[in-house]
Amino acid sequence: MIYPIAIFLGSGLLFLIEPIAAKRLLPLLGGGAAVWTACLVFFQCALLLGYLLAHWIATHVAPRRQAAIYVALLVGSLVQLGFALDPVLAASSAHPVASVLWLLTRLIGLPFVTLSATSPLLQAWFASETGGSSAYRLYAVSNAGSLLALVVYPWLVEPAMSLHAQSLALALCFVLFGVACVVIAVRRRTVSYAAVAVDAGVAMATSVRASQVVMWIVLATCGSLLLAAVTTYISQNVATIPLMWIVPLVAYLFSFVGAFSDERFIPQIAGVGLGAAGLAGSYYLLSKGILGTSLVVVVSGFCLALLAICLFLHAELYRRRPVAARLTSFYICIAVGGALGAVLVGVVAPAVLDGNYELAFGLTLAAALGVIATWEWGALARIVAIGATLGMSSLIVTEVRSAHTNTLTRARNFYGTLHVTQIKDNYFGAQARTLYNGAISHGRQIFREDIAHAPTSYYGRKSGVGYAIDLCCEGRPKRIGVIGLGTGTIAAYGAPGDVIRFYDINPAVEPIARDRFTYLRGSAATIDIVIGDARVSLAEESPQRYDVIAVDAFSGDAIPVHLITLEALEVYKRHLAPGGIVAFHVSNRHLDLKPVVAQLAARAGMRTAYIMNAEDQGRNVWSSDWVLVTSNATFLARKDVIAASDTITVPAKLRLWTDDYNSLLPIFKLRR
């Protein structure tokens with residue numbers, strides 16, 4: 001039992017490290033969904049390195065030295081975890097992917113590679129002692145440990161423990177895991193060289209065709225690609241938080257558990273049926289879209305479809321497995337595919353595609369693999385499978401065509417996908433341009449003379465930010481800081497003598513705001529634009545004495561959590577003029593952010609006013625929710641403004657958000 005226990009613990013630790021380390025990096029690179037995708041690239045590549053290490057130790061090192069090398073890796077890993085408990089980190093927004101890879105190497109490089117090597121290495125040792133009768137089932141045990149860790153983290157660990165406490169607990173658990181591995185290492189000293197020679201002879205006698213290796217890699221690539229694509233699709237429209245990363249990862253790992261437990265658990269016909277059901281569900285969800293759909297439907301729908309497709313893919317992997325003597329080579333191919341899928345989504349797609357088409361590409365590849373899997377079933381099965389592939393490929397055509405219909409500009413980079421549409425608005429009788437980040441609108445301008453330069457969309461005169469700007473300064477020139485540029489609509493409030501300074505991490509936004517919209521160049525105020533993470537930029541600047549700071553940064557519909565913590569509010573306060581106002585834009589389909597801001601204000605000794613304005617189609621104004629945080633008693637006494645504001649109810653289970661602790665479970669809107 002010591003082997004499955006050690007493998008279970010090691011895999012659990014491996015998948016606890018992932019959300020803890022990624023959460024440390026989020027504040028450094030804008031808190032967008034792409035941070036997690038870049039982390040997946042590191043995790044999959046480090047997993048491959050760990051599998052290669054396990055293969056080298058198991059096949060090229062004498063038995064008595066194998067244990068010594070592995071124990072040395074465990075000791076080095078524990079040392080690195082100790083140094084990473086309180087790291088001082090900095091990232092480059094100009095080179096975000098490289099920053100993620102380097103920072104994760106500093107934080108968890110050796111521990112992650114060592115833990116990655118644990119399962120295949122211990123399975124190889126187990127196979128050499130037992131003849132390999134059930135070594136592959138230990139892969140299911142490995143994924144079960146990973147699965148349990150991922151389920152426990154968002155529901156028990158993150159809501160109860162600070163980030164520092166999580167890191168400390170991780171280091172302590174690593175010590176316990178190390179003890180189990182040392183016990184195994186001591187046992188390995190009794191294994192004879194003859195056993196290894198027999199294993200090597202069996203491996204040499206059982207050749208593997210090149211086509212078989214390619215199929216292993218392609219099946220693994222498809223599963224990994226779909227994991228990264230589904231995670232990105234969900235995260236960029238909800239929030240970049242561990243819970244949104246972990247649910248798809250749970251589905252992905254559960255498919256390994258089911259597929260590698262026993263071939264009788266998922267016979268081929270059942271696997272193909274599950275894959276077909278997953279493809280049909282994904283087609284429906286992508287065709288329908290997710291705007292206006294409840295969080296439960298969005299997440300559960302995509303993750304169930306991912307689970308079904310991956311059960312098909314990984315059952316095909318298990319069905320094509322080699323003999324146990326080739327076990328580590330097989331796992332290397334799986335790891336190569338995993339790394340390739342993550343790189344395609346996290347690195348290649350943002351560089352070569354102008355839209356988020358990779359999910360449709362992944363579904364098409366899965367359908368094509370279904371053609372190969374069912375080719376021997378006969379002509380009817382081939383026709384059905386090819387038809388499914390053509391159906392999935394039509395999604396690519398539909399998405400590309402839709403993305404370019406009425407589109408003036410498209411831009412995609414690490415921070416997201418931006419596009420500007422132009423249509424004739426019949427209500428206003430003029431051209432209308434809208435900026436989208438993903439599927440979420442980030443501002444609109446009607447090119448009709450009387451309203452072209454009026455504040456619109458989320459920023460109308462009766463919105464929270466509108467009241468704050470109009471009433472803050474009693475006729476004197478204003479200084480306004482805006483976190484999140486978008487179309488630059490807030491520049492419409494600028495008067496001669498005013499200064500409006502925008503902060504945005506995405507360098508692709510500024511040229512779009514300047515070239516495709518006229519709010520910036522038409523403003524009477526002095527306009528400054530700072531490219532880079534707003535919180536980092538503000539922390540480095542001298543006090544700006546802003547009368548209003550508008551916190552309006554979104555990536556799609558996802559919120560950058562690090563801009564709405566106690567430490568963030570302290571940064572904003574340092575830049576406020578006496579009586580200044582921080583206006584938090586809290587409109588969100590899935591999260592109730594009002595109580596979060598109310599708690600922050602109370603801790604900072606400030607008061608809040610919640611302003612909800614209704615849609616006004618005649619002025620091109622949309623409904624929006626703003627929470628104003630200020631110590632300005634005169635402003636708060638304005639009955640014409642504050643009388644319309646609602647009180648904010650703080651859930652009993654909601655804890656104060658800080659950089660070290662933030663959990664979204666208490667503020668989810670389970671209904672749309």
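**Ground rules**

I number residues from 1 along each chain as its sequence is written. Because the model is predicted, I take local features only at pLDDT of at least 70 and side-chain atom pairs only at pLDDT 80 or more, while totals for chains, interfaces and linings use all residues; side-chain values rest on heavy atoms, with hydrogens and water left out.

**Confidence**

I looked up pLDDT, the predictor's confidence in each residue, from 0 to 100. The protein averages 86, and 92% of the residues score at least 70. I take helices (H or I, at least four residues) and strands (E, at least two) as DSSP runs, numbered from the N terminus. Confidence is highest in strand β5 (residues 479-483), at a mean of 97. Confidence is lowest in helix α7 (residues 193-205), at a mean of 44. Over residues 193-205 pLDDT stays under 50. For that stretch I found 11 contacts (heavy atoms within 4.5 Å) beyond four places in sequence.

**Helix α1**

I went to F15, which sits in helix α1 (residues 2-25). F15 is buried, at 12%. What does F15 touch, not counting residues up to four places away in sequence? I listed S146, A149, L150, L249 and L253. F15 and S146 are 131 residues apart in sequence, yet their C-alpha atoms are 5.5 Å apart.

I then checked the surface for a nonpolar patch. Patch members need over 30% relative accessible area and no salt bridge; like charges are joined within 9 Å and nonpolar side chains (Val, Leu, Ile, Met, Phe, Trp, Tyr) within 5 Å. M1, I5, F8, L9 and L148 form such a patch. Together they have about 490 Å² of accessible area, by the Shrake-Rupley method with a 1.4 Å probe, where only the protein chains shown count as cover for residues. Helix α1 gives the most to the patch, with 3 residues. I5 lies in α1 and is partly exposed, at 40%.

**Helix α16**

I asked which residues of α16 (residues 509-516) are buried. They are V509, I512 and A513. They cover an arc of only 95 degrees around the axis, so they lie on the same side of α16. The arc is taken from the directions from the helix axis to the C-beta atoms. Their cover includes strands β1 (407-413), β2 (416-425), β3 (430-437) and β6 (499-504).

**Positive phi**

Most residues other than glycine have a negative phi. I noted E474, not a glycine, with a positive phi of about 50 degrees. E474 is in the loop between α15 (464-471) and β5. E474 is exposed, at 74%. R545, also not a glycine, has a positive phi of about 55 degrees. R545 is in the loop between α17 (534-540) and β8 (546-551).

**Salt bridges**

My rule is a side-chain nitrogen of Lys or Arg within 4 Å of a carboxyl oxygen of Asp or Glu. I get 16 salt bridges by this rule.

R444 pairs with D425, and the closest N and O atoms are 2.6 Å apart. R444 is in strand β4 (residues 440-446) and D425 in strand β2, 19 residues apart. Both R444 and D425 are buried.

D547 pairs with R476, and the closest N and O atoms are 2.8 Å apart. D547 is in strand β8 and R476 in the loop between α15 and β5, 71 residues apart. D547 is buried, at 6%, whereas R476 is partly exposed, at 41%.

D659 and R535 meet at 2.4 Å, N to O. D659 lies in the segment after α21 and R535 in helix α17, so this bridge ties together parts that are 124 residues apart in sequence. D659 is partly exposed, at 30%; R535 is buried, at 14%.

I also logged a network of salt bridges linking E316, R319 and R320.

**The segment after α21**

Last, I looked up T658, in the segment after α21 (639-642). Is T658 buried or exposed? T658 is buried, at 16%. Leaving out residues up to four places away in sequence, T658 touches T565, L566 and E567.

Key
Buried < 20%, exposed > 50% of the residue type's maximum accessible area, 1.4 Å probe, protein only.
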